[in-house]
Amino acid sequence: MSHSDPTSFTKNNYYTEPAHAEAAVNAIYEDLRAVRGGGFGGAPWLMTEFQTGLANTELGQATNSLDIRALDNSADNGYGQTYWNSHYRGIANANEALANIPNIEQLDEATENRLLGEARFLRAYYYYNLVRIFGDVPLILEPVGLDSENLAPERAPVADVYDAIVSDLTWVESNSGLPFNNETGRATMGAVKTLLSSVYLTMAGYPLQGGDQYYQLARDKAKEVIDSGEYRLFDTYEELKQESLENTGEHIFMVQFDADIVDHNGLQYVTLPYNQDISVFSAETGGIFAQEEFVESYESGDKRAEEKGFYYSEFSPASDRSVTKNLGGWYLWKFFDEEANVETAVSGMNWPLFRYAEVLLIFAEAENEVNGGPTQDAYDAVNAIRDRADIPDLAGLSQEEFREEVWEEKFHELSFENKAWFDMVRLRKAYNLGNGEKFEDYVGHTFVYGPTLSERELLFPIPAPERRNNENLTQNPGY
């Protein structure tokens with residue numbers, strides 16, 4: 001672990017008044033942004049996208065991306081280091097807040113519980129990413145001082161990390177008094193229950209293989225979010241990226257960016273076609289776009305695969321907006337900020353971490369498992385998403401057929417939102433873009449452009465600098 005003190009104050013002089021508590025919790029949110037940047041070196045969030053075989057890149061100097069895409073990753077990859085550093089920094093800030101906020105005497109109980117709830121939610125979220133990306137990871141739930149035995153922590157078993165995640169989230173459900181939903185961008189009870197439903201769904205699958213018990217828990221938690229009536233699918237895909245609708249409607253939890261405060265989120269740079277002069281941004285890096293075969297895997301007539309649904313293949317050059325040029329690939333319209341690219345060169349577009357479409361798909365998958373086949377509720381959940389895409393409703397399917405349809409729907413609906421690789425590992429299944437079965441075993445699956453997944457790719461490597469700093473950290477198999 002990197003042990004730079006994440007704060008510039010000491011406990012004695014800092015945690016003394018309510019404003020300090022708010023500031024301490026705000027600091028935990030900050031690290032949600034860390035993996036979401038992007039420039040000529042690529043961007044850490046690309047790490048999990050390139051290990052799916054569904055993404056392509058034109059950025060020759062982004063060796064971190066290229067190595068992963070070729071399944072030639074190593075412990076020196078800077079993306080993994082950024083995930084590790086940022087997430088453990090967020091956890092350290094959460095641990096400090098949780099230890100010290102209860103000692104602030106003027107803080108009213110409702111505010112204290114809300115802030116402790118937000119801190120625990122964020123700590124759980126950071127650990128959920130870490131345990132899925134790296135497997136066994138150090139589990140640190142108290143502040144670490146220079147005299148702490150946790151200065152060189154060992155890796156804790158995956159099961160222990162999940163227990164800590166569930167413990168944090170169920171505490172928040174029972175004690176925090178968080179609102180079910182609001183438009184502040186802060187943690188809400190809806191976000192807590194959504195995260196918990198995702199956690200339970202993963203615990204049902206690999207590596208824990210908790211099975212039916214956890215499918216039931218995932219189903220029930222997703223249903224609480226659905227039954228709350230607080231969220232809805234937007235009518236159009238354009239609304240998903242409309243700034244005035246951020247933190248409302250379909251959006252359950254987002255990474256917050258504001259063009260007036262934070263210059264930009266890097267998302268435009270890294271997703272624009274490489275130097276095709278369609279944007280007023282100075283950098284067009286071609287860092288990631290969709291593998292053509294993946295776009296072709298959508299059903300005929302699916303609005304998401306139509307031009308400027310989730311992807312685009314043509315746009316006007318900045319030098320002459322009256323003409324259209326073919327870009328030679330399928331780029332991510334899902335993240336294209338039109339005003340920023342055509343006019344302002346500054347984007348405050350938020351990043352979606354959880355949206356209601358995912359809750360519907362978690363519910364549909366878990367409901368199908370719990371009931372030994374699809375119920376009407378399960379059909380209704382997935383068909384709501386298909387209706388928006390203008391493709392036919394599912395009906396009359398076996399449990400296995402329905403299961404695979406929901407998996408495919410998730411790949412298509414949540415594409416490039418950092419969901420696909422996690423699903424592949426949880427299911428030990430890969431989405432097949434070639435001939436044959438639609439889903440096949442993860443280990444041994446060959447990407448359409450050549451390389452084959454091995455058991456090694458079920459996890460990412462523990463970053464080399466962390467192992468140099470901490471001799472107690474072992475490495476994952478194959479690295």
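Across the whole structure, a search turns up 35 salt bridges, counted wherever a side-chain nitrogen of Lys or Arg sits within 4 Å of a carboxyl oxygen of Asp or Glu. This is a predicted model, so local features need pLDDT of at least 70 and side-chain atom pairs pLDDT 80 or more, while totals for chains, interfaces and linings use all residues. Residues are numbered from 1 along each chain as its sequence is written, and side-chain values use heavy atoms, with hydrogens and water left out.

One of these bridges pairs D31 with R89, at 2.5 Å from N to O. D31 lies in the loop between α2 (18-30) and α3 (46-50) and R89 in helix α5 (residues 78-100), so the contact ties together parts 58 residues apart in sequence. Helices here are DSSP runs of H or I with at least four residues, strands are E runs of at least two, and both are numbered from the N terminus. D31 is buried at 5% relative accessibility, whereas R89 is partly exposed at 38%; buried means under 20% relative accessible area, exposed over 50%, and partly exposed in between (1.4 Å probe, protein chains only).

Then there is E417 with K334, bridged at 2.8 Å, N to O. E417 sits in the loop between α15 (399-413) and α16 (420-427) and K334 in the loop between β5 (325-332) and α12 (338-344), so this pair joins parts 83 residues apart in sequence. Both residues are buried. Through shared partners, salt bridges join E250, E299, D302, R304, K334, R355, R386, R388, E409, E413 and E417 into one network.
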